[in-house]
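Here are some exercises to work through with the coordinates open. Try each task yourself, then check the solution under it.

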Amino acid sequence: MINVVIDGKPVSVNAGSMILDAARSIGIDVPTLCYMRLHNTEYKCQPASCRVCVVEVEGRRNLCPACATPVMEGMVIKTNSMRVLQSRKMIVELMISDHPNDCLTCTKSGKCELQDLARKTGVVDIPLSGKEQSEYPVMENKAIVRDMSKCIMCRRCEEMCSNIQSVHALSGVSRGFEAVVGTAFDESLDNTMCVGCGQCVAVCPVGALMEKDDTDKVIKALANPDVTVVFQTAPATRVAIGEEFGMKAGTNATGKMVTALKNLGADYVFDTDFTADLTIMEEGTELIGRLTKFLNGEKAALPLLTSCCPGWVNFYESRYPDMLELPSTAKSPQGMFGAVAKNYFAEKLDIDRKKMFVVSVMPCTAKKIEADRAELKEDGIPDVDVVLTTREIARLIKMANIDFVNLTDSEYDNPLGESTGAAVIFGVTGGVLEAALRTVYEVLEKKTLPRVEFEAVRGFEGLKVATVTIAGQDINVAVAHGLANASKVMDEIKNGNPRNLHAVEVMACPGGCIGGGGQPYHHGDGEILKARTNATYQIDEEKTIRKSHENPAVKALYEEYYKEPGSEIAHHQLHTHYTYREKY
């Protein structure tokens with residue numbers, strides 16, 4: 001242990017701790033900007049480039065960055081001396097002097113860490129004259145908008161993209177005023193290895209990286225009396241949306257979200273959890289088929305890779321073109337819902353699919369790219385018309401002046417609103433695989449699970465491997481979240497699959513969908529992700545039915561329309577295929 005004094009308070013901390021850690025351990029708030037550590041995950045950005053966290057150390061001539069200066073025995077540190085405060089204020093003034101003054105129209109306004117820092121450091125005007133020095137064109141794709149004029153070179157996005165996601169689409173380029181985090185040769189994100197996961201957006205402290213806002217398209221549809229507007233809401237959104245309205249992280253706001261969407265004018269509000277259960281029926285059947293082949297000594301495409309996460313799909317389509325037979329052909333729950341809504345439900349309502357407008361509320365920016373895939377369209381008409389992130393739908397609810405916190409709870413509409421506990425855990429890392437195991441076990445064992453929880457596939461560890469015995473056979477499974485961890489598994493499989501894996505679940509985002517790129521900003525607070533995860537499992541535990549194959553509404557859908565999992569019509573509407581998508 002190392003003993004130091006910070007602002008007159010003695011503290012003992014572990015050797016190797018930074019001054020910032022020591023200060024925070026005794027409740028002293030040292031402001032930061034480039035620094036971010038997301039506890040419970042492997043993410044840590046510590047370039048010490050912004051210098052906002054400078055402190056004064058007795059005996060040292062220069063101010064030290066608290067985030068990157070290790071404590072030493074006997075250190076006496078001041079975080080609030082006039083010299084420190086003056087220096088921080090000047091640093092922030094310099095940043096703002098080279099930053100666009102469009103806070104009134106910036107989507108990040110109110111959630112911007114530079115804005116907050118300006119208030120904390122007492123910046124009320126900019127004494128530096130001259131025009132803005134850095135100007136870049138705004139670039140966007142289906143999911144993400146990049147405005148590098150707002151980049152402050154914190155390098156958080158680069159750290160996330162390169163080390164947690166192993167995508168390497170972003171990197172620091174140029175020098176001086178022109179220094180910015182950008183793409184190689186200033187290409188658009190579509191021409192890079194970007195998978196659209198939005199984790200760069202999740203950690204960006206300013207408005208340099210944002211989700212593409214599609215709320216105007218939804219407003220237009222809601223205002224059109226000739227269009228039937230159908231909403232679906234993803235599992236992870238219900239435990240996060242409340243944060244946008246000041247509610248505690250992990251609050252289950254399902255009923256309020258349904259009410260809010262109906263107040264906006266939605267004709268129907270359904271639950272993506274319904275098609276998560278449907279996904280397990282299709283994907284589980286596929287897994288059983290492949291396992292049966294394997295156990296009979298036939299050639300089988302193993303391990304089966306889950307295909308619910310569009311960031312992951314984009315990743316393996318560009319990185320592993322020689323392994324495209326491994327992913328499940330089942331569409332994601334979003335994709336299945338769009339197909340069910342515009343085929344089965346449109347027929348039930350006796351309306352043309354062109355007159356139905358499907359809106360997805362998702363925790364994910366990559367879902368915007370997924371909805372635009374040719375495989376999720378029929379005669380050029382998308383199954384899902386618009387995807388709104390959790391942040392976007394919250395903005396729309398606020399625009400409509402809806403008092404979200406005080407809304408009464410409403411139930412989802414039928415017939416696509418009933419779901420099980422297995423479906424809601426799709427929102428957390430390990431959840432898809434656990435839901436599949438609950439069904440696969442009972443189908444193959446032909447008996448009830450003694451305990452539905454598969455603890456071995458739960459938790460924030462980046463890569464988990466477990467063995468589950470089903471029908472006398474050891475089934476080896478793996479769970480990865482963060483694409484760098486997924487790469488480790490894929491490289492193993494490519495090199496002979498030494499662990500003899502039979503099924504692998506991958507989620508691109510740390511923690512799974514609860515930490516998606518379109519969720520309310522966590523600002524580096526890992527406890528928020530933990531709270532969302534715990535709330536998700538709590539919802540599962542409170543469900544009467546906790547296994548997808550027991551969902552009565554899904555059973556009815558098969559009896560009435562799809563006949564059985566893997567049928568010809570199910571394969572046509574609920575399954576997809578994968579293509580090598582070359583990226584540079």
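This is a predicted model: local features need pLDDT of at least 70, side-chain atom pairs count only at pLDDT 80 or more; totals for chains, interfaces and linings use all residues.

**Exercise 1.** Work out whether Lys 368 and Glu 392 are buried or exposed, and find how far apart their closest N and O atoms are.

*Solution.* Start with accessibility: Lys 368 is buried, and so is Glu 392 (buried means under 20% relative accessible area, exposed over 50%, partly exposed in between, with a 1.4 Å probe and protein chains only). Next, check the distance: the closest N and O atoms are 2.9 Å apart, and the two residues form a salt bridge (a side-chain nitrogen of Lys or Arg within 4 Å of a carboxyl oxygen of Asp or Glu). Then place them: Lys 368 sits in helix α11 (residues 366-371) and Glu 392 in helix α12, 24 residues apart. Helices here are DSSP runs of H or I with at least four residues, strands are E runs of at least two, and both are numbered from the N terminus.

Residues are numbered from 1 along each chain as its sequence is written, and side-chain values use heavy atoms, leaving out hydrogens and water.

**Exercise 2.** Explain why α12 counts as largely enclosed by the rest of the structure.

*Solution.* Count the buried residues: 7 of the 10 in helix α12 (residues 390-399) qualify, so the helix is largely enclosed. Among them are Arg 391, Ile 393 and Leu 396. Now step past the end of the helix: α12 is followed by Asn 401, which has a positive phi near 60°.

**Exercise 3.** Find the salt-bridge partner of Glu 244 and compare where the two residues sit.

*Solution.* The partner is Lys 111, with closest N and O atoms 2.7 Å apart. Glu 244 is in the loop between β13 (228-233) and α7 (254-264), whereas Lys 111 is in the loop between α2 and α3 (113-120), 133 residues away. Glu 244 counts as buried because its relative accessibility is 9%; Lys 111, at 27%, is partly exposed.
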